[in-house]
Amino acid sequence: MSERTLEEQLPGDPFEGYAPAEERPPLLSYLATMGIFNGVFAAALLVAKRSGRELPERVELTDVALIGVASHKLSRLVSKEKVTAPLRAPFTELEGRGGPAELEERSRGEGPRKVVGELLTCPFCLSLWIVAGFSLGLLFVPRLTRFLAAVFSAMGIADFLQVAYKAAEDRALG
């Protein structure tokens, strides 16, 4: 089996000139990931429509804030926290400690494995998937979604207060 990536095996490489092959990110795997995300999201919206669940005419600001804070916390929990390292380990390599209770990792492997590792270590990248999940949850199971979002929002607020308290304590003692 060849060690070359899928991008390198394509005749008439469509990505030629983008970057040297050894430095090029796994663009086809990125494209596939975008396709999966958009396909699943569109399919869920279609299922919602066909089951009589219409999109709201306007989204409440409280839901936007709740989902925003919850998505921030959940994306950091999945992508950075020590306790979720077993979920990331097949796709990542430990680099060291990060913020409080967090680890810094980098993706490993090639193609899809590398892309999954990049997604799982990037809270910004992961947020899109989590926001989409919470948003679809509001269409299908709004009570459960708001409850879960409230749990993660409260965790995010508690984390912020822990860091603020420690900073104030250090300032008072320092």
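**Core and ring pairs in a predicted model**

Reader: Which residues make up the largest nonpolar core?

Author: This is a predicted model, in which local features need pLDDT of at least 70, side-chain atom pairs count only at pLDDT 80 or more, and totals for chains, interfaces and linings use all residues. Residues are numbered from 1 along each chain as its sequence is written, and side-chain values use heavy atoms, with hydrogens and water left out. A nonpolar core is a set of buried (under 20% relative accessible area, 1.4 Å probe, protein chains only) Ala, Val, Leu, Ile, Met, Phe, Trp, Tyr and Cys residues joined through side-chain atoms within 4.5 Å. The largest has 11 residues: I67, A70, L74, L77, L119, L126, I130, F134, L138, A149 and F152.

Reader: Which helices each supply at least two residues of this core?

Author: Helices here are DSSP runs of H or I, at least four residues long, numbered from the N terminus. Those that each supply at least two residues of the core are α3, α6 (123–140) and α7 (142–173).

Reader: How are the rings of F37 and W129 arranged, stacked or edge-to-face?

Author: F37 is buried, at 14% relative accessible area. Rings of Phe, Tyr and Trp (its six-membered ring) pair if their centres lie within 6.5 Å, with planes under 30 degrees apart counted as stacked, over 60 as edge-to-face and the rest as tilted. The centres of the F37 and W129 rings are 5.0 Å apart and their planes lie at 70°, so the pair is edge-to-face.

Reader: Which residues do ring pairs link into a cluster?

Author: F37 and F41 both lie in helix α2 (residues 27–50), 4 residues apart. The cluster that ring pairs link consists of F37, F41 and W129.

Key:
Buried < 20%, exposed > 50% of the residue type's maximum accessible area, 1.4 Å probe, protein only.
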